[in-house]
Amino acid sequence: MLELTSVTKVFYPGTVNEKLAIDDVNLHINAGDVTCIVGSNGSGKSTLFNLIAGTYPVTAGTMIFDGEDITAKPEYRRAMTIGRIFQDPTKGTAANMSIEDNMITAETKGMKGLRISLNNEKRQQYRRLLSLIGLEDRLKDNVGLLSGGQRQALTLLMMVMSSPKMVLLDEHTAALDPRNAQTVMDLTKRFIAEHRLTALMVTHNMQAAIDFGNRLIMMDEGRILFDVSGEEKSRLTVEGLVRLFKDLSNKTYATDAGLLTKD
Amino acid sequence: MIEGIFVDGLVFSIMVIGILISYRILNFADLTCDGSVATGAAIATMAIVGGLPITVALLLSFLGGVAAGMVTAAIHNKLKIPGLLAGILTMTMLYSINLRILGNKANVPLLRVTTLYTKLPQYFSFLSPEWASLVGTLMVVLFVKVIVDLFFRADLGVSMGAMGGNEQMVISQGINPETLKLMGIGLSNGLIALSGGLLAQYQGFADANLGQGMVVQGLAAIMIGEFLFSSNRISLLTLRAIFGAIIYKALMFFGRKYGYLVNITPNDFKLLTGILVIASLFIAQGRSAASSAGAKRKAIARSQQRHDSEEDTTHA
């Protein structure tokens with residue numbers, strides 16, 4: 001599904017601030033894989049997502065997605081088949097517009113035409129979809145009036161509506177309170193199972209990373225430290241993960257364990 | 001006299017709708033307006049003086065404005081500079097272009113030629129010439145309003161509104177925001193130039209300096225309109241802009257007529273318009289401060305009440 005070959009990203013090349021953010025990463029994601037990516041702050045998780053989504057170009061290396069070389073493809077064109085949810089709940093929806101207008105924009109990907117697609121039949125359909133997240137009576141309300149959890153749930157719903165081939169979840173529950181985070185996470189699991197989505201999820205929650213999906217990748221200093229899947233992954237524990245991290249990165253427990261929180 | 005204010009306001013309202021599109025819907029602070037309104041006036045004037053039909057002249061004005069807007073959007077998109085600066089660049093360049101269009105003259109009159117405002121009294125011969133102008137202009141404005149309303153309810157227009165609220169969201173939906181800006185700023189300036197084309201015919205001449213300070217006047221009209229009622233429906237946003245434009249022109253009319261009583265001359269109007277915009281912002285700010293102060297009072301009253309009832313139960 002997704003094949004990264006020798007992908008490298010250097011920020012501010014040729015200046016004193018030069019930083020090697022992604023260091024020669026090779027990664028193969030199979031169709032149907034649900035992969036969690038863990039790692040301390042600054043390990044390159046979000047940069048890797050930005051490179052896959054096309055927010056900025058790679059310094060070197062190639063990316064093949066679904067048989068097509070996407071290395072030079074602009075972000076908006078990659079978004080036709082790759083869905084993405086950000087940590088910030090305000091990024092996925094337009095606050096100045098009603099829920100129904102947001103949904104009609106998400107319904108079909110790509111440049112829009114002069115048709116008025118929003119009709120009562122569509123509104124019925126949206127009401128049914130919105131009943132999943134308890135917003136069925138608020139079609140005409142501006143999205144800016146919703147809470148962070150509701151907005152993130154709506155973003156998730158809108159992403160699923162457009163049936164992407166792969167989804168990138170960038171700590172999408174981190175800004176929510178525990179109860180809302182749970183709701184959004186349950187919805188995520190449900191949608192991934194129902195639509196057999198290929199998913200990559202960044203998280204700081206070690207337990208969630210162990211429980212969720214069939215594959216786990218740990219990153220450190222722009223490299224993939226380890227990559228476990230299937231049977232091996234299901235045997236992982238939080239303690240085991242932290243020990244693995246300590247052994248492989250040659251870093252002391254005290255400095256990094258704090259960043260890899262248990263819950 | 002009263003008809004004059006309305007015609008003036010209605011001609012101006014098409015420009016205000018254009019500014020509404022760039023400032024409020026696309027969230028793009030576009031200063032191209034000061035140049036493109038004069039471009040529209042110049043194109044319409046030269047076309048009519050050259051013997052072209054009025055509809056063709058207005059269509060050319062519109063297209064000239066679209067081109068000007070697209071230049072601004074292209075500068076912004078390709079050179080990654082703020083929209084404000086891109087607009088100033090285009091506006092400055094347009095000043096020279098407008099003089100060229102006018103044949104290197106600063107002012108071209110529309111004398112002894114057929115314009116919309118000599119034809120309208122013939123069409124509506126059962127009305128007085130002033131009312132004929134009013135009815136004709138109203139029809140043009142309503143036509144523009146309905147087209148704009150339909151456009152912003154269509155999928156393309158909705159995605160433009162989404163971009164104004166959140167550019168990342170539009171990218172995530174697989175839409176190139178650069179293309180949306182090219183079309184949106186183009187449409188905005190097309191309407192502004194169309195308004196310029198009508199204005200030239202109404203006042204009977206085109207002037208290279210016509211556009212000076214137009215953006216601020218348009219913003220003043222939008223802000224006046226926003227005091228009337230609040231809504232997120234496009235049909236009401238454009239209606240509000242039209243009302244705001246008429247009220248603004250009425251204020252200017254009375255300023256011109258009775259201003260001498262307080263020693264105000266038309267030379268002071270730009271200052272007054274600026275003060276009007278600042279006052280509008282100030283009042284809007286005051287309103288939101290007042291409503292949060294009200295909420296605070298209620299919250300204090302609520303907690304006081306709760307406190308009192310707790311005390312009652314402990315005493316009992």
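This report describes chain B of a predicted model, its two domains and its contacts with chain A. Because the model is predicted, local features need pLDDT of at least 70 and side-chain atom pairs count only at pLDDT 80 or more, while totals for chains, interfaces and linings use all residues. Residues are numbered from 1 along each chain as its sequence is written, and chains are lettered from A and ligands numbered from 1 in the order in which they are written.

Chain B has twelve helices and two strands, where helices (H or I, at least four residues) and strands (E, at least two) are DSSP runs numbered from the N terminus. Of its 316 residues, 46% are buried, that is, 20 or more other C-beta atoms, placed from the backbone, lie within 10 Å of the residue's own.

An automatic or database assignment divides chain B into domain 1 (2-264) and domain 2 (265-316), and the centres of these domains, taken over C-alpha atoms, are separated by 36 Å. Two residues are in contact if their C-beta atoms, placed from the backbone, lie within 7 Å.

On the side of chain A that touches chain B, α3(A) gives the most, with five residues.

Definitions and conventions
A residue is buried if 20 or more other C-beta atoms lie within 10 Å of its own, exposed if 12 or fewer, and partly exposed in between; C-beta atoms are placed from the backbone.
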